[in-house]
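Dear colleague,

Please find below the structure that I am handing over to you. My notes on what was found in it follow directly after.

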Amino acid sequence: MSLPVIRADGTRAAKLFAALLLLSLPSLGLAQTGAQLPLLMGTGSNGMSFSVPVQTLLFFTALSFLPAILLMMTSFTRIVIVLSLLRQALGTQSAPPNQVVVGLSLFLTLFVMGPTLDKVYEEAYLPYSTNNLPFDQALVKAEAPMRTFMSKQTRQSDLALFVKLAKLDPATTAATAPLRVLIPAFVTSELKSAFQIGFMVFIPFLVIDIVVASILMSLGMMMLSPVLVALPFKLMIFVLADGWNLLLGSLAASFVI
C-alpha cells in the first residue's frame, strides 16, 4: 500500500500520525510478502499488490488502532490522569473542561515524545514512504525507538510480573521482551507514576480543605459548605504559586528520554 509522503520539515503532529500509523499497519505487511489473498490484482517487482478497495479497507481498519497505540505506548496516560486528578483536587467540577484536559495532554505528549517520534519518522517512515525500505524492516526500525522509550519508563517489578504471567525466561529484559509483555508492563508503571504524582498534587489542597473545615466548625457555620469556601483559596494559591508552570514542567521532566 502506498501512503502519502510527509516532508521532513512537517509538523510534529504529522510525524506523530505517520509514526503511529506505521506501527498500526502490521496487516499490510502481507502486501510485501506475496501472500495469497482474495481481491489481489497486479504483480510487480515487489510482489503482489492489493486492489484499491482492499487498500482502503485496510487503511481505515489500521486507523482504528491509533487511539489504542496513543494510550498504551506514549506518555499520554500519565499526563491525562495527573491533570484529571488536579481538577479533582482543586474541587472544580468542569474547569478546565474535558476537551481542554485531553487537548493539553495530547500536545504535551507530542512535546515529550518528540525525540522518539522524530526517530521513528526519519528512520522508518521516510524510507518506507519513498520505497527505500520494505515494510517488515520499516516496522522493526519503527518499533526500536518506541521500545527504548517504554523500557526507560517501565519498572523492573512490573516487567517481571508480566514475564512471569507469560511464562517466559525470568532473565527476559525490556529489550528482549515481546511487545505483548512490554506494553502492559509499561502501562502499569505509568499508572503507578501517575497516581504517585497525583498524591503529591492532592496534599496541599487537602490541607487547605482541612483548615477551612476546621475554621467553619469552630465558628459554628455548619450549614456552609467547606468545599465552596475553600475553592477560591485553592485557586488563589495555585495561581500565585504558578501552579500550571510547575505541574506541566514537572510532568514533562518526569519522563526519562
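In this predicted model, T77, R78, I81, V82, L85, L86, Q88, A89 and L90 of helix α5 are in contact (heavy atoms within 4.5 Å) with E190, L191, S193, A194, F195, I197, G198, V201, F202 and F205 of helix α10. Sorted by class, this contact comprises 13 nonpolar, four polar and two charged residues; Ala, Val, Leu, Ile, Met, Phe, Trp, Tyr, Cys and Pro count as nonpolar, Asp, Glu, Lys and Arg as charged, and the others, Gly among them, as polar. Helices (H or I, at least four residues) and strands (E, at least two) are DSSP runs, numbered from the N terminus.

Two packed helices are described by the angle between their axes and the distance between the axes. The axes of α5 (residues 76-90) and α10 (residues 179-218) come within 9 Å and cross at roughly 20°. That angle makes α5 roughly parallel to α10, where angles under 35 degrees count as roughly parallel, over 145 as roughly antiparallel, 65 to 115 as roughly perpendicular and the rest as oblique. Axes here are lines fitted to C-alpha atoms, for helices over the stretch in contact, and angles run from 0 to 180 degrees between N-to-C directions.

Residues are numbered from 1 along each chain as its sequence is written. Local features need pLDDT of at least 70 and side-chain atom pairs count only at pLDDT 80 or more, while totals for chains, interfaces and linings use all residues, and side-chain values use heavy atoms, with hydrogens and water left out.

As for α5 itself, 13 of its 15 residues are buried, so this helix is largely enclosed by the rest of the structure. Buried means under 20% relative accessible area, exposed over 50%, and partly exposed in between (1.4 Å probe, protein chains only). From first to last C-alpha, α5 reaches 21 Å, close to the 21 Å expected at 1.5 Å a residue; the expected span is 1.5 Å times one less than the number of residues. G91 follows α5 and has a positive phi, near 85°.

The C-alpha atoms of F205 and G91 are 9.0 Å apart, although 114 residues separate the two in sequence. At 7% relative accessibility, F205 counts as buried. Leaving aside residues up to four places away in sequence, F205 touches L86, A89, L90, K234 and F238.

Helix α10 also packs with α9 (residues 156-165): their axes come within 8 Å and cross at roughly 140°. This crossing of α9 and α10 is right-handed. On the α9 side the contact involves S157, D158, L159, F162 and V163, and on the α10 side V181, P184, A185, T188, S189 and K192. By class, the contact of α9 with α10 has six nonpolar, three polar and two charged residues.

Two residues of the loop between α9 and α10 deserve a note. P178 lies in that loop and counts as partly exposed, at 28% relative accessibility. Not counting residues up to four places away in sequence, P178 touches R147 and L168. The C-alpha atoms of P178 and V163 are separated by 9.4 Å, with the residues 15 apart along the chain. K167 is in the loop between α9 and α10 too; at 75% relative accessibility, K167 counts as exposed.

Most residues other than glycine have a negative phi, and most peptide bonds are trans. K167, however, has a positive phi of about 60°. N131 likewise has a positive phi, near 60°. N131 sits in the loop between α7 (114-129) and α8 and counts as exposed, at 68% relative accessibility.

In α8 (residues 135-153), the end C-alpha atoms are 28 Å apart, which agrees with the 27 Å that its 19 residues should span at 1.5 Å a residue. Among the buried residues of α8 are F135, P145, R147 and Q153.

For the protein chain overall, the secondary structure comes to twelve helices and two strands, and buried residues make up 39% of the 257 residues.

Kind regards

How values were computed
Left-handed = near helix turned anticlockwise from the far one by under 90°.
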